[in-house]
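Dear colleague,

I am passing on the structure we spoke about, with its sequence, so that you can look at both while you read. My notes on what was found follow below.

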Amino acid sequence: MATTASERFNLLDLSKANIRTLHLGWFAFFISFMVWFAHAPLMPFIREALQLTDLQAKVLLTLNVALTIPARIVVGMLVDRYGPRIMFSGILIIGGIVSIGFSLAQGYEQLAFMRFLSGFVGAGFVVGIRLIAEWFPARQTGIAQGIYGGWGNFGSAGAAGLLPFIAVTIGGDNGWRYAVAVTGVIAIAYGLIFYWRVRNTPKGSTYFKPKKTGALEVTSGFDLVLYIIMNIPMYAALAMLTYKLSPTGMKLLSANTTTIIYIVLLATYLFQVWKIWQLNSHVLKEPVPELQRYSFTQVAILDLAYMVTFGTELAVVSMLPLFYVDMFGLDKVTAGLLAGSYAVINLVARPAGGLISDKFGRKITLIIVFLGIGASFMLLGQVSPEWSVLMVITAATLGGIFSKAGSGAVYAMVPLIQRRLTGQIAGMTGAYGNVGGVVFLTVLASTSPQGFFMVIGATAIAVLAFVLLFLREPSGNMVEVLPDGTVQMIEVK
């Protein structure tokens with residue numbers, strides 16, 4: 001059936017409520033990323049002003065993504081229950097307050113604590129996924145989600161390009177503080193604007209909510225077991241970070257504190273397993289009707305895929321400024337601008353990944369981008385000081401194009417699995433992106449940049465195998481039940 005003019009995707013047609021919502025949504029994500037990544041381009045300034053060691057600087061980069069892992073899971077549950085409007089507004093306001101707190105920190109411990117808390121604002125991404133899913137049909141979900149994610153991700157490039165300039169312009173040891181504080185003020189102001197202008201759904205649409213909260217609903221015994229297993233890497237990543245800060249590593253935590261954190265992580269995982277069992281054990285006794293089932297295997301593959309695509313972005317955009325300074329001797333502002341160029345390609349690459357998924361298929365798009373990620377990062381693994389900076393930028397840009405297009409392709413599929421669970425599925429997938437960031441940055445802390453790039457390339461090839469073997473192209477309809485018991489079919493092709 002032909003698409004009418006009123007149904008066409010026109011990004012400039014602000015007379016349409018869904019287009020206005022898309023713009024308000026991606027800009028909220030843009031602001032949240034500026035807050036989340038404000039420290040990365042300023043790290044050379046912070047390191048010099050507070051006399052940090054290289055290892056301390058690397059730990060700060062890792063801490064930035066730690067809290068986002070559990071936060072995205074929790075926020076995914078909350079947005080499915082309460083809606084995107086109040087959730088995104090709250091995250092921006094709280095994130096802005098934390099950012100101002102980071103700008104006032106006087107020592108390494110305070111910096112580390114506030115940087116850990118700032119990971120909460122990274123969970124805002126999940127909120128927008130559910131918001132955009134409510135406002136756009138399946139045939140446009142890839143391009144809409146790609147623009148939301150790609151243009152919002154550009155916030156890291158905005159931070160890289162703008163904040164070092166502010167720090168230098170103001171001058172002195174406190175220039176970086178003013179730059180970080182500015183992002184906090186902007187976040188608080190836009191959080192209020194977002195609450196004023198955005199609505200959860202189009203007029204007359206139903207906002208489907210999970211039947212129960214506390215864990216993701218699954219629809220088969222196999223999926224129940226797989227869901228329990230897929231929770232392990234998220235807690236393992238947090239345990240890895242704890243080890244890094246323990247007396248064995250950075251010595252930021254005492255032995256007793258480290259032990260307590262390990263116990264809390266284990267207890268939290270066991271509690272989560274109990275909640276999963278409590279919510280889903282009935283599928284072992286009473287099979288879910290075929291029409292209402294969805295495959296959690298698809299969620300698991302998308303988790304792993306995003307672990308590579310977005311995990312790569314988190315790690316690379318965080319390490320590039322210091323990489324350019326240390327390996328090629330560039331000045332701090334130039335290094336920040338060059339690192340920002342890696343994130344700039346989000347403007348085109350992530351929407352392109354979504355658009356190609358809409359036009360040619362979700363699975364084939366993921367296969368192509370993972371081939372590209374594997375090859376480009378294997379090439380970067382050969383980098384040396386003898387390379388020209390232009391060669392390194394070209395190789396990094398190539399890897400960035402494939403990884404960001406891959407992120408667009410992943411989230412072109414996430415909203416097509418089960419509408420009422422979109423926030424939770426997006427949250428778990430997003431959390432795996434942060435797991436990738438923690439793992440890859442941990443690799444960086446213990447090896448060379450070349451080894452870091454090689455690990456990314458090898459992981460991409462491994463995930464490609466899962467995509468080839470187990471990922472299915474979305475087709476048919478997902479089923480949701482209205483409050484009055486009426487069944488609604490939502491097209492996913």
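In this predicted model, 5 salt bridges are counted, and I will begin with the ones that can be described individually.

The side chains of Asp-80 and Arg-130 form a salt bridge, with 2.6 Å from N to O.

Another salt bridge joins Lys-404 to Glu-313, with the closest N and O atoms 3.5 Å apart. Here too the pair links distant parts of the chain, with Lys-404 in helix 17 (residues 389-413) and Glu-313 in helix 13 (residues 296-328), 91 residues apart. Lys-404 and Glu-313 are both buried. A further salt bridge is formed by Arg-362 and Asp-358, whose closest N and O atoms are 2.7 Å apart, and both Arg-362 and Asp-358 are buried.

Rolling a probe the size of a water molecule over the atoms shows where empty space is left. In this model there are 3 cavities of 30 Å³ or more, and the largest cavity holds about 70 Å³ of space. The largest cavity is lined by Ile-73, Met-77, Ala-215, Leu-216, Tyr-227, Asn-231, Gln-272, Gln-424 and Met-428. Helix 4 and helix 18 (422-446) are the elements that give two or more residues to this lining. By class, the lining of the largest cavity consists of 6 nonpolar and 3 polar residues, with no charged ones.

The second largest cavity contains about 60 Å³ of space. Its lining is made up of Phe-37, Ala-40, Pro-41, Ser-156, Ala-160, Val-317, Pro-321, Gly-336 and Ala-339. The elements that give two or more residues to the lining of this second largest cavity are helix 2 (39-49), helix 8 (138-170), helix 13 and helix 14 (332-344). That lining has 7 nonpolar and 2 polar residues, and again no charged ones.

Helix 19 (residues 449-470) deserves a separate paragraph. Helix 19 has 22 residues and spans 32 Å from its first C-alpha to its last, which is close to the 32 Å expected at 1.5 Å a residue. An α-helix has 3.6 residues a turn, so residues three or four places apart point the same way. Among the buried residues of helix 19 are Phe-452, Phe-453, Ile-456, Thr-459, Ala-460, Val-463, Leu-464 and Val-467. The buried residues of helix 19 pack against helix 13, helix 16 (362-380) and helix 18.

Gln-51 is placed in the loop between helix 2 and helix 3 (54-63). Is Gln-51 buried or exposed? Gln-51 counts as exposed, because its relative accessibility is 64%, a value over the 50% cut-off.

Gln-145, by contrast in setting, lies in helix 8 and is buried, with a relative accessible area of 1%. Leaving out residues up to four places away in sequence, Gln-145 touches Gly-128, Ile-129, Ile-132, Ala-133, Tyr-411 and Pro-415. Gln-145 and Trp-26 are 119 residues apart in sequence, while their C-alpha atoms are 9.1 Å apart in space.

Finally, Leu-24 lies in helix 1 (residues 17-36). Setting aside its neighbours within four places in sequence, Leu-24 is in contact with Tyr-190, Phe-194, Arg-197 and Val-198. Leu-24 and Gln-418 are 394 residues apart in sequence and 24 Å apart in space, from C-alpha to C-alpha.

With best wishes

Conventions
Residues are numbered from 1 along each chain as its sequence is written. This is a predicted model: local features need pLDDT of at least 70, side-chain atom pairs count only at pLDDT 80 or more; totals for chains, interfaces and linings use all residues. Side-chain values use heavy atoms; hydrogens and water are left out. A salt bridge is a side-chain nitrogen of Lys or Arg within 4 Å of a carboxyl oxygen of Asp or Glu. Helices (H or I, at least four residues) and strands (E, at least two) are DSSP runs, numbered from the N terminus. Buried means under 20% relative accessible area, exposed over 50%, partly exposed in between (1.4 Å probe, protein chains only). On a 1 Å grid over the protein atoms alone, a cavity is a set of points where a 1.4 Å probe fits but cannot get out, and a pocket is an open set with protein on both sides within 12 Å along at least five of seven lines; lining residues have an atom within 4 Å of a point. Grid points are joined across faces, edges and corners, and a volume is the space filled by probe spheres set on the points. Ala, Val, Leu, Ile, Met, Phe, Trp, Tyr, Cys and Pro count as nonpolar, Asp, Glu, Lys and Arg as charged, and the others, Gly among them, as polar. The expected span of a helix is 1.5 Å times one less than its number of residues. Contact means heavy atoms within 4.5 Å.
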